[in-house]
Amino acid sequence: MNKVLFFAHLRDAVGEEFLKIDASGKTVAELKAELVRNYNLPKLDSVMTAVNEEFAQDDEVIQDGDEVAFIPPVSGG
């Protein structure tokens with residue numbers, strides 16, 4: 001199982017701070033596509049992804065027990 005964390009507007013869209021999902025063996029891109037489909041999220045193309053608190057690319061494979069976080073871009077000044 002994997003803990004998937006959401007920040008900012010993604011948290012609001014999902015309605016939870018995190019979900020427990022079995023994402024092991026999937027790439028980050030595959031997980032993003034699944035989340036968009038299942039939770040009616042906006043496209044996650046511009047969202048930063050971290051796996052175990054380190055930024056990850058879309059082709060990184062998620063392992064069992066990994067923690068995945070989705071962090072939308074922030075604006076402000």
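What share of the contacts between residues at least 6 apart in sequence joins residues at least 24 apart? In the protein, that share is 52%, a contact being a pair of heavy atoms within 4.5 Å. The model is predicted: local features need pLDDT of at least 70, side-chain atom pairs count only at pLDDT 80 or more, and totals for chains, interfaces and linings use all residues. Residues are numbered from 1 along each chain as its sequence is written, and side-chain values use heavy atoms, with hydrogens and water left out.

**Figure 1. Overall view of the protein.** Two helices and five strands form the secondary structure, in the order β-α-β-α-β-β-β along the sequence; helices (H or I, at least four residues) and strands (E, at least two) are DSSP runs, numbered from the N terminus. The C-alpha atoms fill a box of roughly 35 × 25 × 20 Å along the principal axes. Buried residues account for 36% of the 77 residues, where buried means under 20% relative accessible area, exposed over 50% and partly exposed in between (1.4 Å probe, protein chains only).

**Figure 2. Strand β1 and its partners.** Four of the five residues of β1 are buried. Strand β1 runs antiparallel to β2, with four bridges between them, and parallel to β5 (residues 67-71), also with four bridges; strands pair if DSSP finds at least two bridges between them. Lysine 3 has lysine 20 of β2 as its bridge partner, while phenylalanine 6 stands opposite phenylalanine 70 in β5.

**Figure 3. Surroundings of valine 4.** Valine 4 belongs to strand β1 (residues 2-6) and counts as buried because its relative accessibility is 0%. Beyond its neighbours within four places in sequence, valine 4 is in contact with Glu17, Phe18, Leu19, Ile21, Leu31, Leu35, Val68 and Phe70. The C-alpha atom of valine 4 is separated by 14 Å from that of alanine 29, 25 residues apart along the chain.

**Figure 4. Surroundings of threonine 27.** Threonine 27 lies in the loop between β2 (18-21) and α2 (28-39). Its relative accessibility is 19%, so threonine 27 counts as buried. Not counting residues up to four places away in sequence, threonine 27 touches Asp58, Asp59, Glu60, Val61 and Ile62.
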